Amino acid sequence: MRFAIVKCHGSGNDFPMIDARALTLSDTQWAGVARALADRAGPVGGDGLLLLVPGDDRAEFGMVMRNSDGSEAETCLNGVRCVARAGFEALGINAATVRLKTSYASASHDADLMPGVYTVRETAGPAGLSTAAWPIHGALERLVDAVLPMLAPARRFTAVTMPNPHFVHFVEAVDEAELVRLGEICEAAPDWLPNRANVSFVEVRGDSLFVRTFERGVGLTDSCGSAMAASTYAACLTGRIAWDRPTVVFNRGGLVRAFAGEDGMVTLSGNATYEWAGSVTVDLDTETARDLVVERRFPDEIAAWEAAKRG
């Protein structure tokens, strides 16, 4: 099957994106398309697959995000920005409510982070603190800077849903090997954590945050938008930064502007950068991609984002 795709990224979180509003594949087939297109050894590669899908009576359009293993995520805030841009362009609008798997986000075209960087402001939430919603079997009702013996008895975590599940741990310096070790424990879906979770190590750097994430269904990633939102909320909840105070959140892929409110709503403003547009064939039986044709490139957008990362 031939697909028109746009390769895009939000804060370095890169995805092939498909306008799927008129397509009728099954969930199983879309999972296979995600595995084929997100495969780093294939012709496209990415952290997952984004789909622009129809809205409902509350939302102008929707987003489906599938991880590189084919699983569907509740949300992906870096992906929301890219899909919002595509939705704005398709419908000729500048703001919308976006339907997600289990929730909604609001999105609007925002002032550029830097000249030439297409920027979207998004608000999602409310963040959740109930461990029963994950579920986390055998845990306290809420984990806020608390020990989780099943994961790491010497470390303290804040458990936040955005609405996808995140363990946030504040550190003096990120130990990537330890982050991967803990992420792989969660990724294995142990009995106490049947739906897995994202794990983030977060450094507080003055008035800013640096977030490094092991993402459920992806692995160690340069960027995860919902992790940046969850980390911002957790930093406010634990008194590390102030509520409703604009904060710059950095990751390996770049940065976003962020703030969190006591009502649990978190706002991110960040890039939705297009790299190229083209088409590719996916064999739905073998879940492989071939015959990529790049029809348009966006070098000015790529250069503007690189300049923004350098500050």
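Glu306 sits in helix H5 (residues 299-310); helices here are DSSP runs of H or I with at least four residues, strands are DSSP runs of E with at least two, and both are numbered from the N terminus. This is a predicted model, where local features need pLDDT of at least 70, side-chain atom pairs count only at pLDDT 80 or more, and totals for chains, interfaces and linings use all residues. Residues are numbered from 1 along each chain as its sequence is written, and side-chain values use heavy atoms, with hydrogens and water left out. Glu306 comes out as partly exposed, at a relative accessible area of 33%. On that scale, buried is under 20% relative accessible area, exposed is over 50%, and partly exposed is in between (1.4 Å probe, protein chains only). From Glu306 to Cys186 there are 120 residues in sequence and 33 Å in space, C-alpha to C-alpha.

Strand S17 (residues 266-271) is another story. Because 6 of its 6 residues are buried, S17 is largely enclosed by the rest of the structure. Its pairings (a pair needs at least two DSSP bridges between the strands) involve S8 and S16. With strand S8 (residues 119-124), S17 runs antiparallel over 6 bridges, and Val120 has Gly270 of S17 as its bridge partner. S16 and S17 form a hairpin with 5 residues between the strands, in which Gly264 takes a positive phi near 90°.

Next come the nonpolar cores. In soluble globular proteins, nonpolar side chains tend to be buried together. A core is taken as a set of buried Ala, Val, Leu, Ile, Met, Phe, Trp, Tyr and Cys residues joined through side-chain atoms within 4.5 Å. The largest one has 55 residues, and Met17, Leu50 and Met63 touch the most other members. Helix H4 (residues 225-237) is its top contributor, giving 8 residues, the most to this core. A second, separate core has 20 residues, among them Ala152, Leu179, Val199 and Phe214. Back at Met17, and leaving aside neighbours within four places in sequence, the contacts (heavy atoms within 4.5 Å) are Ala4, Ile5, Val6, Cys8, Leu50, Cys82, Val83, Ala86 and Tyr274.

A cis peptide bond, with omega about 0°, joins Gly125 and Pro126, and Pro126 belongs to the loop between S8 and strand S9 (146-148). Another cis bond runs from Met162 to Pro163, with omega near 0°; Pro163 is in the loop between strand S10 (152-161) and strand S11 (165-170). Pro163 is also touched by Ser103, as is Val98, not counting residues up to four places away in sequence. Ser103 itself lies in the loop between strand S6 (95-99) and strand S7 (104-110), and counts as buried at 16% relative accessibility.

Two residues have a positive phi without being glycine. Ser11 has a phi of about 55°, in the loop between strand S1 (2-10) and strand S2 (13-19), and at 0% relative accessibility it is buried. Glu287 also has a phi of about 55°. It is placed in the loop between strand S18 (273-283) and strand S19 (288-297), and counts as partly exposed at 30% relative accessibility.
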